[in-house]
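Here's a quick briefing to read alongside the structure.

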Amino acid sequence: MNFLNRFFNRGESQIECPRCLGKGHVDWADIKRLNQVLKWIPGSCAFCNGVGKIDPKMEKKVAVDATYLVDNLSEIERRLYINGNPEALERAAQYESNLESFVEQVNYLHFHGKLSSEQITEFFLLSQINSDSYDDEKAKLTDYINRIIARGESK
Ligand SMILES: [Zn+2]
């Protein structure tokens, strides 16, 4: 929660955030409702910046399910994107396309290459094998890859 955002966003005209439904954070129920299961993980809501309420104009500027608008975006980039800066929109499109191609690669490696989620994770993290955060990265990526595979199986 950002104090300044909360302070300056306070007003009568605010409406409940349609992404987090006023909670200030996005959970799995929100993620499923907005069909972003392979694109988001639970965290602070980037649509309302954790406040739970938004200016109604926000909904006209940015889609509630905009994949790129997540809580690890810098404040500057968030503003650029919301205000339709062409370069930020381009970065958003690139981000989304990279994410989609990653999902396709995982599905290919698992369903055609017959690799397990662990093998796929190790493949993508080959260059980081000596990094201090390897085990942590590996756990997170394996979890994500398992979710991609589970979704692929349900299709
Ligand atoms: Zn929200």
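Helices (H or I, at least four residues) and strands (E, at least two) are DSSP runs, numbered from the N terminus. Counted that way, the chain has seven helices and four strands, and from the N terminus on they run α-β-β-α-β-β-α-α-α-α-α. Keep in mind that this is a predicted model: local features need pLDDT of at least 70, side-chain atom pairs count only at pLDDT 80 or more, and totals for chains, interfaces and linings use all residues. Residue numbers start from 1 along each chain as its sequence is written.

**Overall layout**

- The C-alpha trace spans about 55 × 35 × 30 Å along its principal axes.
- Of the 155 residues in the chain, 17% are buried. Here, a residue is buried if 20 or more other C-beta atoms lie within 10 Å of its own, exposed if 12 or fewer, and partly exposed in between, with C-beta atoms placed from the backbone.
- Among contacts with a separation of 6 or more, 60% link residues 24 or more positions apart. Two residues count as in contact if their C-beta atoms, placed from the backbone, lie within 7 Å.

**Two domains**

- The chain splits into domain 1 (3–84) and domain 2 (87–153), with bounds that come from an automatic or database domain assignment.
- Taken over C-alpha atoms, the centres of domain 1 and domain 2 are 25 Å apart.
- Where the two meet, nine residues of domain 1 contact 10 residues of domain 2. The domain 1 side of that meeting has five nonpolar, two polar and two charged residues.
- For those classes, Ala, Val, Leu, Ile, Met, Phe, Trp, Tyr, Cys and Pro count as nonpolar, Asp, Glu, Lys and Arg as charged, and the others, Gly among them, as polar.

**The nonpolar core and Cys-17**

- A nonpolar core is a set of buried Ala, Val, Leu, Ile, Met, Phe, Trp, Tyr and Cys residues joined through C-beta atoms within 7 Å.
- The largest one has 14 residues, and those with the most contacts inside it are Cys-17, Cys-20, Cys-45, Phe-47, Cys-48 and Leu-69.
- Leaving out residues up to four places away in sequence, Cys-17 touches Gly-22, Cys-45, Phe-47, Cys-48, Gly-52, Lys-53 and Ile-54.

- Ser-44 sits in strand S3 (residues 43–44). It is partly exposed, because 17 other C-beta atoms lie within 10 Å.
- Beyond residues up to four places away in sequence, Ser-44 touches Gly-24, His-25, Gly-50 and Asp-71.
- From Ser-44 to Ser-74 is 30 residues in sequence and 13 Å in space, C-alpha to C-alpha.
- Leu-21 isn't a glycine, yet has a positive phi of about 55°. You'll find Leu-21 in the loop between strand S1 (15–16) and strand S2 (25–26), and with 15 other C-beta atoms within 10 Å, Leu-21 is partly exposed.
- Asn-49 is another non-glycine with a positive phi, near 60°. Asn-49 lies in the loop between S3 and strand S4 (53–54), and is buried because 20 other C-beta atoms lie within 10 Å.

**H4 against H5**

- Two packed helices are described by the angle between their axes and the distance between the axes.
- Helix H4 (residues 75–82) and helix H5 (residues 86–111) pack at about 100°, with axes 7 Å apart. Axes are lines fitted to C-alpha atoms, for helices over the stretch in contact, and angles run from 0 to 180 degrees between N-to-C directions.
- That makes H4 roughly perpendicular to H5. Angles under 35 degrees count as roughly parallel, over 145 as roughly antiparallel, 65 to 115 as roughly perpendicular and the rest as oblique.
- Glu-77, Leu-80 and Tyr-81 of H4 make the contact with Ala-88, Leu-89 and Ala-92 of H5. By class, the H4 contact with H5 has five nonpolar, no polar and one charged residue.

**H5 against H7, and Val-106**

- The axes of H5 and helix H7 (residues 134–153) come within 10 Å and cross at roughly 70°, so H5 is roughly perpendicular to H7.
- In H5, Val-103, Val-106, Asn-107, His-110 and Phe-111 meet Ile-145, Ile-148, Ile-149 and Gly-152 of H7. This contact of H5 with H7 has six nonpolar, three polar and no charged residues.
- Val-106, in helix H5, is buried, with 26 other C-beta atoms within 10 Å.
- Not counting residues up to four places away in sequence, Val-106 touches Ile-120, Ile-145, Ile-148 and Ile-149. Val-106 and Ile-120 are 14 residues apart in sequence and 7.1 Å apart in space, C-alpha to C-alpha.
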